[in-house]
Amino acid sequence: MPTCRRPGTLPAPRSACQAGGWTARRCRPRRSDDAARAAIAGYVLVNDVSERTFQLHRGGQRVMGRSAGTFNPCGPWLVTPDEAGDVGDLGMWLDVNGVRRQTGSTANMLFDPVFIVRYLSRFMVLEPGDLINTGTPAGVGMGLTPPVYLRAGDRMELGIDGPGRQSQSVVAAP
């Protein structure tokens, strides 16, 4: 079973179920939905593990807090657009130690994958194989009262209709 190693002994990692989109071809500014849709190779399940201490106390919201070597596991496979069905309405869930933390649907995403590819391609060239994390349902540990963070020994299980399911265990970094 894959593991997520926590960097150092920091107290506040979290996990979140996300849909991810993979680009199929080089993507410069896409001016139409059809062009953006054609650039999407498929969809994959992503566990957006974050180190909250880095994010909240070290100024690393988007990069430092999500860049540890074992964070952001994706898979188990890529689902092509023709196999995915209606990506605008796929069920999503995440359990930690058998307790449901997140239940949602891609229907609740603020932006659909086609919009995200069109938007991002205005500012950067997307290369084949680029992975775009798209968002997560409510229920992340930091948003709970009191906040609940992952600890060594915790087991995460998550899934999205179509792209499948995955599981990881949290281990302390050596």
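Tutor: Helices and strands here are DSSP runs, numbered from the N terminus, a helix having at least four residues and a strand at least two. With that convention, Asn97 is placed in the loop between strand 6 (91–96) and strand 7 (99–105). Please note that this is a predicted model.

Student: What is the phi of Asn97?

Tutor: Asn97 has a positive phi of about 55 degrees, although it is not a glycine. The residue belongs to the turn of a hairpin formed by strand 6 and strand 7, with two residues between the strands.

Student: Is Asn97 buried, partly exposed or exposed?

Tutor: Buried means under 20% relative accessible area and exposed means over 50%, with partly exposed in between. Asn97 has a relative accessible area of 45%, so it is partly exposed.

Student: How many residues of strand 6 are buried?

Tutor: Six of the six residues of strand 6 are buried, so the strand is largely enclosed by the rest of the structure. Gly91, Trp93 and Asp95 point one way from strand 6, while Met92, Leu94 and Val96 point the other way, and all are buried.

Student: How does strand 6 pair with strand 7, and over how many bridges?

Tutor: The pairing of strand 6 with strand 7 is antiparallel and extends over six bridges. Within this pairing, Val96 stands opposite Val99 of strand 7.

Student: How many bridges join strand 6 to strand 9?

Tutor: Strand 6 is joined to strand 9 (residues 155–160) by five bridges, and these two strands run antiparallel. The bridge partner of Trp93 in strand 9 is Gly159.

Student: Let us turn to the aromatic rings. How many aromatic pairs are there?

Tutor: Rings pair if their centres lie within 6.5 Å, and planes under 30 degrees apart count as stacked. By this rule there are three aromatic pairs. One of them is Phe111 with Phe115, a stacked pair at 4.8 Å centre to centre with 15 degrees between the planes. Phe115 and Tyr119 also form a stacked pair, at 6.0 Å centre to centre with 15 degrees between the planes.

Student: Where do Phe115 and Tyr119 lie relative to each other in helix 4?

Tutor: Phe115 and Tyr119 are four residues apart in helix 4 (residues 113–120), so about one helical turn separates them. Phe111, by contrast, lies in the loop between strand 7 and helix 4.

Student: Finally, which peptide bond is cis?

Tutor: The peptide bond from Gly75 to Pro76 is cis, with omega near 20 degrees. Pro76 is found in the loop between helix 2 (52–57) and helix 3 (81–84).

Terms used. Residues are numbered from 1 along each chain as its sequence is written. This is a predicted model: local features need pLDDT of at least 70, side-chain atom pairs count only at pLDDT 80 or more; totals for chains, interfaces and linings use all residues. Side-chain values use heavy atoms; hydrogens and water are left out. Buried means under 20% relative accessible area, exposed over 50%, partly exposed in between (1.4 Å probe, protein chains only). Two strands pair if DSSP finds at least two bridges between them. Rings of Phe, Tyr and Trp (its six-membered ring) pair if their centres lie within 6.5 Å; planes under 30 degrees apart count as stacked, over 60 as edge-to-face and the rest as tilted.
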